[in-house]
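Dear colleague,

Please find below the structure that I am handing over to you. My notes on what was found in it follow directly after.

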Amino acid sequence: MSFLKNLPYEWQVGLRYTRAGKRGGRNRFISFISLISTAGIALGVGALIIILSVMNGFQKDVTNRMLSVLAHVEVFDKDGGMPDWRQQAANAQRHPEVKGAAPFSETQAGLMHGGEALRPAMVRGVLPEQEAAVSDVEKHIRMGSFAALRPGQFNIVLGIDLARSLNAGIGEKVTMVLPQGTVTPAGLVPRMRSFTVVGIFAAQHQEFDAGMAFIHLEDAQRMLRMAAPAGLRLRLADMHRAPQVADELKKIMPANLEVRDWSKLNANWFAAVQTEKRMMFIILTLIVAVAAFNLVSTLVMTVTDKQPDIAILRTLGASPRSIMQIFVIQGALVGLLGTAIGVGGGVLVAQNIDVIVPFIENLLGVQFLSKDIYYITTVPSDMRWPDVTKIGVISVVLAFLATVYPSRWASRVKPAEALRYE
């Protein structure tokens, strides 16, 4: 190529060593090893991008399902009740990020139906007409009606798995047992109340479908013997800004109110997901490292084979630094080429995984996510460019590090010793 003639000789020699040689079995073998190193880096980088994108997709999907029931931010009164919740809701909605607010009360309770065992559940008291402003639970109703929660009628909406475990259907009675007891002459008696099932929802999240129920806020306050709601639930325009918005709300709301965002309310789950992603990143980065350090053996073989050429270049006036640059260029080109192919392939697969996975399933006659086991039947993907950039940079850095020892060794070759037996 004509443009190669204008490059410094270090680049010309490095490029020639990287390409397949036309003469000599050893040259072709070294070029084959370079090709294998390039393929290894590309596979490692591509796999890392695809797997992290799928993990991000699963996390995003689960988070969205959680937040269809949970609020983005919750505000509690430290004194146990919020009688001025309308005023505090108005204060919170002055923040430009807050798009909805609704009062609630919440308690742990036991539910039973007929001869079924007592099932634990998180019972949340809400105002049905305002709940749509902070959650999508009404959209998840499978049977019955969420609007049937009316004050004083003691109706209840159950998660689908909770209803199955209780063997309770629409119109049937379930008994709620609260841990807070009532003192009687016979001793401490648990509070109990019969509720009528008027709705069943399916949020497609195991924790909520198997352990959550909704009742009207006034009924919850009667059961808990509270004069006011426990707090407010807020929905934001951007759920990812919940921690920042929560901190800003703390500054503009009264000191007796506690503000918590959804990431704090589910801290254990998100910590587990982040730890899993971090460990997966480390494990897959080691695969890239193994492929990158294959360059060491490739360059060592090249240096051993090219010692006479190195000696001639040294005799013609090439400095040790120039010799070192030749082999750094060779290794860097392999690393850059492998990284570029891996990034291109990984991004292509990650962005089209919704097409590729069904094609493979149809081709092999299998289903990776069975409807009988999983709530989702498609493999989600959420490719993030910061992850791609980080993976690419790490791969290139590892490739450069792999060139250090062989190139330094090549720069120390003594011409007289290299040409002695030639």
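Phe-214 has a relative accessible area of 0% and is therefore buried (buried means under 20% relative accessible area, exposed over 50%, partly exposed in between, with a 1.4 Å probe and protein chains only). Phe-146 also counts as buried, because its relative accessibility is 2%. Please note that this is a predicted model, in which local features need pLDDT of at least 70 and side-chain atom pairs count only at pLDDT 80 or more, while totals for chains, interfaces and linings use all residues. Residues are numbered from 1 along each chain as its sequence is written, and side-chain values use heavy atoms, without hydrogens and water.

The structure holds 4 aromatic pairs (rings of Phe, Tyr and Trp, the last by its six-membered ring, pair if their centres lie within 6.5 Å; planes under 30 degrees apart are stacked, over 60 edge-to-face, the rest tilted). One of them is Phe-146 with Phe-214, edge-to-face at 5.7 Å centre to centre and 75° between the planes. These two residues are 68 residues apart in the chain.

Phe-201 and Phe-214 form another edge-to-face pair, with 5.5 Å between centres and 70° between the planes. Phe-146, Phe-201 and Phe-214 make up one aromatic cluster.

Two charges also sit over rings (NZ of Lys or CZ of Arg within 6 Å of the ring centre and within 35 degrees of the ring normal). Arg-193 lies over the face of Phe-154, 3.7 Å from the ring centre, and the charged end of Lys-390 is over the ring of Phe-281, at 5.0 Å from its centre.

Yours sincerely

Key: Helix = DSSP H or I, 4+ residues; strand = E, 2+ residues; numbered from the N terminus.
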